[in-house]
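Please look over the chain shown here. A short report on its fold, its confidence and two local sites is wanted.

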Amino acid sequence: MKKILLTTLLLTTLILTACNSNESQTTPSGSSMDASSATEEPKEPSAQEAIELPKVSITCQQDYIYAEDEKTLLMTSERDVVKLEGAGFEEASQTIDTLFADNGGESEEYIAMVREDYEYSKENGEEYFAPYSTLSTSKISRLDQNVLSLKCMSSDYFGGAHEMWGYWGINVDMQSGKELELIDLADDSYALIECCTDYALKNLEKRKNELFPEYEAYVEENLSTCNWYLDASGIVFIFTPYEIGPYASGCIEICVPYSLVTEYMKPEYCGIQGDCIALIQGDEAVSFATTDSKMRQISFETKMISEYDFRTMLKVDKEKHSLGDNVALKTAYLMHNADGKTFLLYTVDWASEDYETYVYDLTGNTMVQTANIWARLNSKGMGTNTISLEFRLDVLGTYFADMEYNLTENGELEPLEEIYRIDASDARTGLTTIKELPVVIDDTESVLPVGSRIYIVATDNEGTIWFETPADKGEFESGLIQYVRDAESYHIFIDGVVEDEYFEMLPYAG
């Protein structure tokens, strides 16, 4: 079994905490700190003061299972591991650690099964074995002082016509650390379930022609034990493929708005409140309180304006703002932090994964754009003042890479790192050398021979690329490549030689 050791690589990189972002727009400057406050002794928080929310860190772990020849790939396994970082909320942190402890890799029995299937295919004369795969991802759907909800996705392929996939939710009480069930959300769980069932059936009626004939009975009998999670708008119930409809119907989600179940839900779970991070999805409206306790409402909606064209609108209170024609909304979060500031962050796709992220300050009765950047929001590292952005980079191929940013009190984006971490699945694309490659390993200049396999795992996008290459017994060795980019051709040169001469193929997109 082979594993990527990104942690070892990244420990060699300097992390910056006070960099300036050249990609953020100029924003109104905030008030300066009183000089005398810098010398004051820190105060102990009072019992009434809220503990700062933890940062949610999500990392991807990968395993690769090969046949005995160590060349034939039998299976890939990718899984997200979630951790809470920061003081306080120890019980919730322990629960999350326990829930994701099983994500440590495939069992020996499982590996034996995969190898047995491979040997069976060889015995039957099959020339090609389609590798099996498992994928498990997680993202924040709601985080506040009361609850952490995660929207998770799994996709498994073990032969056949297609993979099996679906969503599920993980919900943890931030105060007690208890993993929540639906009945925990209400004082009168029967009334809550009845209300949610009626709402779900009403919404499913619109698409009954694509559902199984018995879908109504299934929902009535099973909604109380369905997968669910909380987001900015309400309780989201999940029906995976084959539950109430065929595979082609996909994974069906029904969001029951908080406003509909307020009288049944416990107040600590009903709606976002205080410091929070909350996912905005679909066309459901999101209500939130400003620092002066006034209620505001935001929502997104997409409408067809012709047979092939659509328009996405952002509605804030009573005002509508067009995001543009044929511009797809990809991700949106509402963030309220300890400074009393409320921000809307969303990513749009202009065309073909051409992502741009916007930041708006919604504090008080305002709506002011404070930043935009050509990157995509993800939730691999999120706190009330921290976000993670995904960039598309061209360095010895086209890759998606992550970098964390600080969201300042003025809504500006400041990078917290010098390096971009290549997405784990992209990193396994791999490059094969056709010419001796100058590298640095263990701070010593070296050369990789022809036929070497390397995997790009990080870059500063300014002249240094970090890589891993297979070593003995399935382990990996880390190193770096120094390069210069030609300003006119945009080609990369290594030791004065153009990149194409070093590799069998470079996976550039477009």
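The report below goes from the whole chain to single residues.

## Model and confidence

This is a predicted model. Its pLDDT averages 85 over the chain. A score of at least 70 is reached by 86% of the residues.

One stretch needs care. Over residues 1-48, pLDDT stays under 50. The model has 69 contacts beyond four places in sequence for this stretch. Where pLDDT is low, the predicted coordinates should not be read in detail.

## Overall make-up

The chain has 510 residues, and 50% of them count as buried. Its secondary structure consists of 32 strands and seven helices.

Take the contacts in the chain with a separation of 6 or more: 53% of them link residues 24 or more positions apart. The accessible surface is about 25700 Å². Carbon and sulfur atoms hold 47% of that surface.

## Strands E8 and E9

Strand E8 covers residues 234-239 and pairs with E9 in the antiparallel sense. Six bridges join the two strands. In one of these pairings, Phe239 has Ile252 of E9 as its bridge partner.

How many of the six residues of strand E9 are buried? Five are, so E9 (residues 252-257) is largely enclosed by the rest of the structure.

## Asn372

Asn372 sits in strand E18, which spans residues 368-373. Is Asn372 buried or exposed? Its relative accessibility is 11%, so Asn372 counts as buried; the cut-off is under 20%.

The side chain of Asn372 also makes a polar contact with the side chain of Glu356, at 2.6 Å.

Note on methods. Residues are numbered from 1 along each chain as its sequence is written. This is a predicted model: local features need pLDDT of at least 70, side-chain atom pairs count only at pLDDT 80 or more; totals for chains, interfaces and linings use all residues. Side-chain values use heavy atoms; hydrogens and water are left out. Helices (H or I, at least four residues) and strands (E, at least two) are DSSP runs, numbered from the N terminus. Buried means under 20% relative accessible area, exposed over 50%, partly exposed in between (1.4 Å probe, protein chains only). Contact means heavy atoms within 4.5 Å. Accessible areas come from the Shrake-Rupley method with a 1.4 Å probe; for residues, only the protein chains shown count as cover. A polar contact is a pair of N or O atoms within 3.5 Å; within protein, one must be able to donate a hydrogen and the other to accept it, and residues adjacent in sequence count only if both atoms are side-chain atoms. pLDDT is the predictor's confidence in each residue, from 0 to 100. Two strands pair if DSSP finds at least two bridges between them.
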